[in-house]
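Here is a briefing on the side-chain packing of one chain.

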Amino acid sequence: QLQLVESGGGLVQPGGSLRLSCVASGSTFDSYAIGWFRQAPGKEREGLLCITNTEGRTYYTDSVKGRFTISRDNARATVYLQMNGLKPEDTAVYYCARSFLRYYCSGYGSINDFDSWGQGTQVTVSS
């Protein structure tokens, strides 16, 4: 059973940067695609990006293109989400999850295509 733990969230001013980490344990990590999601208060959880085991990348929302990037370090069993140019509307709890498709990222980033959700890490963008 794969377990994922997110970290790196916090309070940041608009325009600032954060790097979130998603650390895996308990199962084979490097053969799975991993996705990042977020959920703002009162809103549905939305897919942001996904990275395959061979580092192919899929963006699920245009609002983070050019600002957020995803990467992975299989030796450390970690997937990163680098967030630059943060805006107040990026405030949310951020989650990582494993793709049901194993090697591949789903085309639309539906939460139903992922499992092994972490507990989330809070990101607050405010002056």
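**Aromatic pairs, disulfides and cores**

The chain has four aromatic pairs. This is a predicted model. Two disulfides are also present, and the largest nonpolar core has 27 residues.

**Aromatic pairs**

- Phe37 and Phe114 pair edge-to-face, because their planes stand at 75 degrees, with ring centres 4.9 Å apart.
- This pair links distant parts of the chain: Phe37 is in strand S4 (residues 34-39) and Phe114 is in strand S10, 77 residues apart.
- Phe37 is buried, at 0% relative accessibility. Phe114 is buried too, with a relative accessible area of 3%.
- Tyr95 and Trp117 also form an edge-to-face pair, since their planes lie at 80 degrees; the ring centres are 6.4 Å apart.
- Here, too, distant parts of the chain are linked: Tyr95 sits in strand S9, and Trp117 in the loop between S10 and strand S11 (121-125), 22 residues apart.
- Tyr95 is buried, with a relative accessible area of 12%. Trp117 has 27%, so Trp117 counts as partly exposed.
- Ring pairs join Phe37, Tyr95, Phe114 and Trp117 into a cluster.

**Charges over rings**

- Arg45 places its charged end over the ring of Tyr95, 3.7 Å from the ring centre.
- The charged end of Arg19 sits over the ring of Tyr80, at 4.1 Å from the centre.

**Disulfides**

- Cys22 and Cys96 are joined by a disulfide, with an S to S distance of 2.1 Å.
- The link of Cys22 and Cys96 is right-handed, with 80 degrees about the S-S bond.
- Cys22 lies in strand S3 (residues 18-25) and Cys96 in strand S9 (residues 92-99), so the bond ties together parts 74 residues apart in sequence.
- Cys22 is buried, at 0% relative accessibility. Cys96 is buried, also with a value of 0%.
- A disulfide also connects Cys50 and Cys105, with sulfur atoms 2.1 Å apart.
- The Cys50 and Cys105 link is left-handed, with -85 degrees about the S-S bond.
- Cys50 is in strand S5 (residues 46-51), and Cys105 is in the loop between S9 and strand S10 (114-115); the two are 55 residues apart, and the pair links distant parts of the chain.
- Cys50 and Cys105 are both buried.
- Counting bonded cysteines along the chain, the disulfide pattern is 1-3, 2-4.

**Nonpolar cores**

- Which residues have the most contacts inside the largest nonpolar core? They are Trp36, Phe68, Val79, Leu81, Met83 and Tyr94.
- At least two residues of this core come from each of S3, S4, S5, strand S7 (68-73), strand S8 (78-83), S9 and S11.
- S3 supplies the largest share, four residues.
- Another core, of seven residues, lies apart from the largest one. Its members include Phe37, Cys50, Cys105 and Phe114.
- Phe37 and Phe114 of this seven-residue core are the edge-to-face ring pair described above. Cys50 and Cys105, also among its members, are joined by a disulfide.

**Contacts of Tyr94**

- Leaving out residues up to four places away in sequence, Tyr94 touches Glu6, Leu20, Trp36, Phe37, Arg38, Leu48, Phe68, Leu81, Met83, Gly120, Thr121 and Val123.

Conventions. Residues are numbered from 1 along each chain as its sequence is written. This is a predicted model: local features need pLDDT of at least 70, side-chain atom pairs count only at pLDDT 80 or more; totals for chains, interfaces and linings use all residues. Side-chain values use heavy atoms; hydrogens and water are left out. A disulfide is a pair of cysteine sulfur atoms within 2.5 Å. Buried means under 20% relative accessible area, exposed over 50%, partly exposed in between (1.4 Å probe, protein chains only). Rings of Phe, Tyr and Trp (its six-membered ring) pair if their centres lie within 6.5 Å; planes under 30 degrees apart count as stacked, over 60 as edge-to-face and the rest as tilted. A charge sits over a ring if NZ of Lys or CZ of Arg is within 6 Å of the ring centre and within 35 degrees of the ring normal. A nonpolar core is a set of buried Ala, Val, Leu, Ile, Met, Phe, Trp, Tyr and Cys residues joined through side-chain atoms within 4.5 Å. Contact means heavy atoms within 4.5 Å.
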